[in-house]
Structure formats: C-alpha cells, structure tokens
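This report covers strands, cores, single residues and a pocket in one protein model. Please read it alongside the sequence and coordinates shown here.

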Amino acid sequence: VWAVEGMRGLAVVSGDVGHGKTTLARRLMQVLPETTYQTVMVVMVHAGVKPEWLLAHIAKQLGVIEISDNKLELVGRIYERLEHYYREGRKVVIVLDEAQMLTGREMMEELRGLLNLEMPGKKLLSMVLFGLPEVFENLYLDKPLAQRMALRCELSPFTQHETKAYLQHRLVVAG
C-alpha cells in the first residue's frame, strides 16, 4: 500500500509457489477504496504473451472503448484514461499477477513505457508485480525499469509459530 499511496512507480512482490502472492494481490485490490483508486488486475496466463496483449488488457480494464491494433494509438488512449482518472482525483494501480511470465526485453520496455506516462511533475500510475523469484531476472533485462523499483518484497514461508497463529485466526473467523 505504501508504494501505491505515494505513487512511487514500481513495486515487486516475489515468493515461491504457495507463499501467498495471489492472496496478497487480491487483498491489495480489496483495501484500495474505489473512490480514490482505479485498480486493474491482469493475471498472466503464459510466458508467450506479447506486449500488445498486455496493453489491450490494461486498456480494456481502464475503460478504453476502442482497442486499436496500433500500439501508439493504444498507448495514447491509455494515457487519455489515465488523465481522466487523474482529473477525478483517483490513483491508477496496475496489478500484474504471475509476473514472472512477463519475459523478454520488449515486454520490460513496455512496462517502463507505461510507468513513464506522466503529467508535469505527477505520475499517472503505479504498478505492482507479483511473481516467482525469477521475476527479478526479467526486470533486469531493462536496467532503467529495474532502477524504478521503489519496493522489493520477498515472501518467505510461515514459521511454525506463524502457521499456528494463522490457523487459529482462520478457525475464529470461520466460527
């Protein structure tokens, strides 16, 4: 939440399978009030996804009506939607789950391009990537993108004490 409240650009949460990345991503989406945030969540389905696919999915969730095949036009329409939310006083947050599937330098450059969409002195969006530890290898394919990482969080498995406390909490919640 710290990274998106301050519009700090890029935050990355990594962890092995079963460490709670998707749970945290969904929780982040729940705790950001709709009155002040416009959230977009994209779950990467496979590593062969092209930048155009990602841009189209983000555009649709931002409310772009006409999805252009021309990448420059599509980015322009995304920018218009970002300006719209900015004028409404809402912060845009893009959450990408299974972000280790974002592979290749071209994809990293596209993410950096989205983070570069600004108004004078104001960032128009924040991005939070959730993925397996190899997400960092992909980010470093584009060093300027990696340098924009404002927050890096690596999840580890629960200890025995944490597991016990979690189970007790869930039993109380479940009644």
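Gln38 lies in strand E2; helices (H or I, at least four residues) and strands (E, at least two) are DSSP runs, numbered from the N terminus. The model is predicted, so local features need pLDDT of at least 70 and side-chain atom pairs count only at pLDDT 80 or more, while totals for chains, interfaces and linings use all residues. Residues are numbered from 1 along each chain as its sequence is written, and side-chain values use heavy atoms, with hydrogens and water left out.

Gln38 is buried, at a relative accessible area of 13%. Buried means under 20% relative accessible area, exposed over 50%, and partly exposed in between (1.4 Å probe, protein chains only). Not counting residues up to four places away in sequence, Gln38 touches Gln61, Leu62, Tyr85, Arg90, Lys91, Val92 and Val93, where contact means heavy atoms within 4.5 Å. Gln38 and Val93 are 55 residues apart in sequence, and their C-alpha atoms are 6.3 Å apart in space.

**Strands E1 and E6**

Strand E1 (10–14) is mostly covered, with five of its five residues buried. Leu10, Val12 and Ser14 point one way from E1, and Ala11 and Val13 point the other way. In strand E6 (125–131), seven of the seven residues are buried, so E6 is largely enclosed by the rest of the structure. From E6, Leu125, Met127, Leu129 and Gly131 point one way and Ser126, Val128 and Phe130 the other. In a regular strand the side chains alternate between the two faces of the sheet.

E1 runs parallel to E6, joined by five bridges, and also runs parallel to strand E7 (residues 149–154), again with five bridges. E3 and E6 pair in the parallel sense over six bridges. Two strands pair if DSSP finds at least two bridges between them. Individual bridge partners are tabulated below.

| Residue | Bridge partner | Strand of partner |
|---|---|---|
| Leu10 | Met127 | E6 |
| Ser14 | Gly131 | E6 |
| Asp97 | Phe130 | E6 |
| Val12 | Arg152 | E7 |

**Nonpolar cores**

A nonpolar core is a set of buried Ala, Val, Leu, Ile, Met, Phe, Trp, Tyr and Cys residues joined through side-chain atoms within 4.5 Å. The largest has 37 residues, and those with the most contacts inside it are Leu102, Met127 and Leu129. E1, strand E2 (37–43), helix H3 (51–62), helix H4 (71–87), strand E3 (91–97), H5, E6 and H6 each supply at least two residues of this core. H3 gives the most to this core, with six residues. Apart from it lies another core, of 13 residues, among them Leu32, Met41, Val95 and Phe130.

Leu129 touches Leu10, Ala11, Val12, Val13, Leu96, Ala99, Leu102, Leu111, Val135 and Leu139, not counting residues up to four places away in sequence.

Helix H5 (residues 105–115) has Met107, Met108, Glu110, Leu111, Leu114 and Leu115 as its buried residues. They cover an arc of only 155 degrees around the axis, which puts them on the same side of H5. The arc is that of the directions from the helix axis to the C-beta atoms.

Asp142 lies in the loop between helix H6 (135–139) and helix H7 (143–147). Asp142 is buried, with a relative accessible area of 0%.

Glu98 is found in the loop between E3 and H5. Although Glu98 is not a glycine, it has a positive phi of about 60 degrees. Glu98 counts as partly exposed, at 26% relative accessibility.

Glu137, in helix H6, is exposed, with a relative accessible area of 59%. Glu137 and Met29 are 108 residues apart in sequence and 26 Å apart in space, C-alpha to C-alpha.

**Largest pocket**

About 300 Å³ of space lies in the largest pocket. On a 1 Å grid over the protein atoms alone, where a 1.4 Å probe fits, a pocket is an open set of points with protein on both sides within 12 Å along at least five of seven lines, and lining residues have an atom within 4 Å of a point. Grid points are joined across faces, edges and corners, and a volume is the space filled by probe spheres set on the points.

The lining consists of Gly18, His19, Gly20, Thr23, Leu24, Leu155, Ser156, Pro157, Phe158, Tyr166, His169 and Arg170. Helix H2 (21–31) and helix H8 (160–174) are the elements that give two or more residues to this lining. H8 gives the most, with three residues.
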